[in-house]
Structure formats: structure tokens, C-alpha cells
Amino acid sequence: MIALRPVRFEDALPMQALARRLIQDGRGMVQTLADLDDRPAAVEADMRSWLAHPSSDRLRLVGMAPDGRMAAEGSIKRLGPSLLRHVALLALGIDPAFQGQGLGRRMMQGLLDWATDPPAAPDGSRLPVGRVELYVRADNERAIGLYRSFGFVEEGRRRRFVRLVDGRYIDDLVLALHLPA
Ligand SMILES: CC(C)(COP(=O)(O)OP(=O)(O)OC[C@H]1O[C@@H](n2cnc3c(N)ncnc32)[C@H](O)[C@@H]1OP(=O)(O)O)[C@@H](O)C(=O)NCCC(=O)NCCS
């Protein structure tokens, strides 16, 4: 059974390795390996910066296999501008070896639980999340099926947004979930 938990500093390098495996697999991705900065200092600096934010602002979950391998990573974070703080952006990646076993569904549930009942900010205030949004390649049927099953609806189609290395273009969808807030 894969255990889900919030990310820790020591997850930085394994998370980078997971990103590498996802990119090598290619399905659903918009990056190539050239986009990864593999220098450990840079990877760890990114993680330090992520962890500096309070839990009211963002959540990153990892899924850990019993042998210690990282099987999944997902995040949800509020947008920065003051008038957009009720909007949260969600992203998800399951190791190709662990896909199709219900892990994506469990990760989504964990991330949406945070959005439904976000922790109080350091000053004690509680700002609800009213809108969760994500971007997905129009050819990513599995991901779209998963998101729709949680109530996400298509709000936009960015035509020819992705240009593959062979020159083909793929549309990209903007999906959103509206929460009572
Ligand atoms: C897309 C992804 C997150 C789904 O996670 P997963 O663990 O493979 O999916 P699950 O096993 O939890 O399946 C969840 C749902 O996906 C949908 N699904 C699965 N396979 C599908 C398929 N071939 N076609 C359509 N929907 C499908 C179903 O709704 C399924 O629900 P069910 O539990 O009722 O059967 C995962 O495959 C992944 O990380 N892919 C690569 C990276 C990526 O695409 N990330 C998302 C970018 S926006």
C-alpha cells in the first residue's frame, strides 16, 4: 500500500528523480529533460522555498511505496495576487510503474480535502478556496477522466498550446472545480 504524506525537505532529490521518470515516459507531460535543472543545490533551494510557505497557502503530497520509492507527487497552491488568493492551482504526477491502480484518485482526494477545509493562516484568519484550476493536455484521456469524476469542468481550450518535438500541435484544456465558499 502506498502511504500519502506531506512533502519533507529530504524528498527534494527523489521528487526530481520522479519528475525525470515522468518526463521520460512522456504521457501527459509538457516538459522535456532539458527543462530539468538537476543540480542538487538548485533542487534543494526550490524545496526550501516551497516549504517556507505556510500550510494555509499550499500543500504538496507524496506517495511512498513500502520499499521507500516515491510513487506519486501532487500539489495544490493558492495564486499569489491578493484578489486571486481564493484560487488554487493543482498538479499531479504518478510514477508510470504505479499508474492505473487508484493512486491518482487517492492523491486528488487528499489535495481536494485541503482545498475544502484549508488550514488557518499564521494570523488566525481562514480564507476559503472557491476555485481549483488545472491545465491538462487535450490528449490526456486518463487525467481528464479522473478530473471530471471529481466534478471538474472544461472552461477553456488553448488551441495548439503544446508543440511536440516532432512538430505536431496538441490543444490544452483549462479545467476548474468550483467549491462552495
Ligand atoms: C493521469 C494520472 C494522474 C492518473 O492517475 P492514476 O493513478 O494513473 O489513475 P487512477 O488509477 O487513480 O484512475 C483514476 C481515474 O482515471 C480515469 N481513467 C483511468 N484510465 C482511464 C482511461 N484509459 N481513459 C479515461 N479515463 C481513465 C478513471 O476515471 C479512473 O477512475 P476509476 O477509479 O473510477 O476507474 C496518472 O496516470 C499520471 O500521473 N499520468 C502521467 C502524468 C500526467 O498525466 N499528469 C497529469 C497532468 S495534468
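Which residues does Gln 99 touch, not counting residues up to four places away in sequence? The third view below answers this.

**View 1. Overall fold of the predicted model.** This is a predicted model, in which local features need pLDDT of at least 70, side-chain atom pairs count only at pLDDT 80 or more, and totals for chains, interfaces and linings use all residues. Residues are numbered from 1 along each chain as its sequence is written, and side-chain values use heavy atoms, with hydrogens and water left out. The protein has four helices and seven strands, in the order β-α-α-β-β-β-α-β-α-β-β from the N terminus. Helices (H or I, at least four residues) and strands (E, at least two) are DSSP runs, numbered from the N terminus. The C-alpha atoms fill a box of roughly 50 × 35 × 30 Å along the principal axes. Of the contacts (heavy atoms within 4.5 Å) with a separation of 6 or more, 60% are between residues 24 or more positions apart. Buried residues make up 43% of the 181 residues; buried means under 20% relative accessible area, exposed over 50%, and partly exposed in between (1.4 Å probe, protein chains only).

**View 2. Helix α4 and its cover.** Helix α4 spans residues 141-149, and its buried residues are Ala 143, Ile 144, Leu 146 and Tyr 147. Seen down the axis of α4, these residues fall within an arc of 160 degrees, so they line one face of the helix. The arc is that of the directions from the helix axis to the C-beta atoms. An α-helix has 3.6 residues a turn, so residues three or four places apart point the same way. The cover over the buried residues of α4 includes strands β4 (87-94), β5 (131-137) and β7 (169-178), together with helix α3 (103-116). Glu 141 and Arg 142 are exposed on the other side of α4. Just after the helix, Gly 151 takes a positive phi of about 100 degrees.

**View 3. Surroundings of Gln 99.** Gln 99 is found in the loop between β4 and α3. With a relative accessible area of 23%, Gln 99 is partly exposed. Leaving out residues up to four places away in sequence, Gln 99 touches Leu 22, Arg 27, Ile 94 and Arg 142. The C-alpha atoms of Gln 99 and Arg 142 are separated by 10.0 Å, and the two residues are 43 residues apart along the chain.
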